[in-house]
Amino acid sequence: MDETNSRKPNVLVLGIGNILWADEGFGVRAVEAFHQAYAVPTNVTVLDGGTQGLYLVQYVTEAEHLIVFDAVDYGLAPGSLKIVENDEVPKFTGAKKMSLHQTSFQEVLSAADLLDRYPTRLALIGCQPVDLENWGGPVTEPVKAVIPAAVMVAAGILERWGVAISSRRAAAPALLANDIDFAHYERRANPGELTG
């Protein structure tokens with residue numbers, strides 16, 4: 001068998017955003033939920049890109065297929081999901097800039113293009129934010145409620161691309177360290193726990 005014909009494409013499932021600004025954390029929380037829900041083959045990388053900006057160029061240029069979760073101001077009803085693919089994606093990663101990471105990700109895509117290592121398939125799973133001003137606050141309920149749907153959309157895209165993923169049967173290893181995962185970061189102390 002010809003090894004070049006049997007080689008599977010490198011796939012990157014990426015969440016970008018800032019968990020410190022409420023709904024700006026959608027992308028990170030969505031990729032975390034995806035990681036908890038699905039086991040992926042060795043040619044797939046699941047990555048919390050956070051606000052790394054141009055540091056993501058290396059990962060993007062290594063990916064032939066790329067899925068990105070992000071909070072995007074589409075001008076839709078709060079909590080709405082919108083999926084754009086391929087040539088449409090750069091328009092939405094910089095059209096209505098809400099934070100520094102969005103501009104940086106558009107620059108990441110431009111750098112990959114300049115290096116002639118742009119993904120052959122690209123999908124952006126964007127969620128219309130409700131609140132981007134709540135420093136230290138959790139994602140809002142309308143955004144939190146659509147994370148499972150966003151994860152299912154990503155799974156469907158991967159299936160369409162011929163990437164075999166499977167539901168996890170056991171707990172996933174942590175994707176985010178230092179207690180910034182969803183369960184730890186967004187926990188709320190009981191009033192009784194604050195005394196004594």
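Start by selecting histidine 65, which sits in strand β4, a stretch covering residues 65–71. Keep in mind that you're looking at a predicted model. Is histidine 65 buried or exposed? Its relative accessibility is 8%, so histidine 65 counts as buried, since the cut-off for buried is under 20%.

Now show the side chain of threonine 120 too. The side chains of histidine 65 and threonine 120 make a polar contact at 3.4 Å. Want to see who else is around? Setting aside neighbours within four places in sequence, histidine 65 is in contact with Pro9, Asn10, Val11, Leu12, Thr120, Arg121 and Trp161.

Next, hop over to threonine 61, which you'll find in helix α3, residues 57–62. With a relative accessibility of 9%, threonine 61 counts as buried. Zoom in on its side chain: it reaches the backbone oxygen of glutamine 58 at 3.1 Å. Then colour Ala112, Leu115 and Arg117, which threonine 61 touches when residues up to four places away in sequence are not counted.

Next stop: select strand β6, residues 121–127. How many of its 7 residues are buried? The number is 6, so strand β6 is mostly covered.

Which way does β4 pair with β6, parallel or antiparallel? The pairing is parallel, over 7 bridges. To spot one of the partners, pick alanine 71 and look for cysteine 127 in β6.

Click valine 84 and you'll see leucine 124 of β6 standing opposite.

Methods: Residues numbered from 1 in each chain as written. Predicted model: local features only at pLDDT ≥ 70, side-chain atom pairs only at ≥ 80, totals over all residues. Heavy atoms only, no water. Helix = DSSP H or I, 4+ residues; strand = E, 2+ residues; numbered from the N terminus. Buried < 20%, exposed > 50% of the residue type's maximum accessible area, 1.4 Å probe, protein only. Polar contact = N/O pair within 3.5 Å; in protein donor to acceptor, adjacent residues only side chain to side chain. Contact = heavy atoms within 4.5 Å. Pairing = 2+ DSSP bridges.
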